[in-house]
Amino acid sequence: MQSCPEEQALLEPAQKLIGATHSSETQYLIPTEIAQKLSELWGCAVKSAQVNTWLFEIGLQYKLYRESKSNPGTQKWKWDLTEEGKKYGRIYLAANAASNWSGGQPQWSQTVIELIVQHQRKEAC
């Protein structure tokens, strides 16, 4: 990837952050964990909802709608991966005992942190 000096200055901290936690096996993160890493990188509070919006804007995920089983006539949605998103993420089965919920949830490789940094250009805070 070729970038100008200004872009490289923005990317270097993200690349160091990724390298500091990178191992030979791909590690996947949920949006909350990505938000925590971006918060550390940028020095401001980043929320998982922002991460999901950016992943959508970049073209890595989209909202998949379905009709609600418990409330007919209404729709529910969940995040799903685009074809491009499948290069960086996966869907895994997650469960929440507190709300008695289970379903597919996207997990992302740490390389999406660099993509978000390029997309946002420090405009997140």
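**Salt bridges and ring pairs**

Glu83 counts as exposed, since its relative accessibility is 59%. The classes used here are buried (under 20% relative accessible area), exposed (over 50%) and partly exposed (in between), computed with a 1.4 Å probe on protein chains only. The model is predicted, so local features need pLDDT of at least 70 and side-chain atom pairs count only at pLDDT 80 or more, while totals for chains, interfaces and linings use all residues. Residues are numbered from 1 along each chain as its sequence is written, and side-chain values use heavy atoms, with hydrogens and water left out.

The side chain of Glu83 meets that of Lys86 in a salt bridge, with 3.0 Å from N to O. The term stands for a side-chain nitrogen of Lys or Arg within 4 Å of a carboxyl oxygen of Asp or Glu. Lys86 has a relative accessibility of 48% and is therefore partly exposed. Glu84 and Lys87 also form a salt bridge through their side chains, at 2.9 Å from N to O. Here Glu84 is partly exposed, at 35% relative accessibility, and Lys87 is exposed, at 61%. The count of salt bridges comes to two.

The aromatic side chains come next. Three aromatic pairs are found in a search of the whole structure. Rings of Phe, Tyr and Trp (its six-membered ring) pair if their centres lie within 6.5 Å; planes under 30 degrees apart are stacked, over 60 edge-to-face, and the rest tilted. One of the pairs joins Phe56 and Trp79, whose ring centres are 6.2 Å apart and whose planes are at 50 degrees, a tilted arrangement. This pair links distant parts of the chain, 23 residues apart: Phe56 belongs to helix α3 (residues 48-58) and Trp79 to strand β3 (residues 75-81). Helices (H or I, at least four residues) and strands (E, at least two) are DSSP runs numbered from the N terminus.

Are the two partners buried or exposed? Phe56 is partly exposed, with a relative accessibility of 45%, whereas Trp79, at 16%, counts as buried. Trp79 also pairs with Trp77: the ring centres are 5.2 Å apart and the planes lie at 80 degrees, so this pair is edge-to-face. Trp77 is partly exposed, at 41% relative accessibility. Through ring pairs, Phe56, Trp77 and Trp79 are linked into a cluster.

Trp77 has a charged neighbour as well: Lys63 lies over the face of its ring, at 4.2 Å from the ring centre. A charge sits over a ring if NZ of Lys or CZ of Arg is within 6 Å of the ring centre and within 35 degrees of the ring normal.
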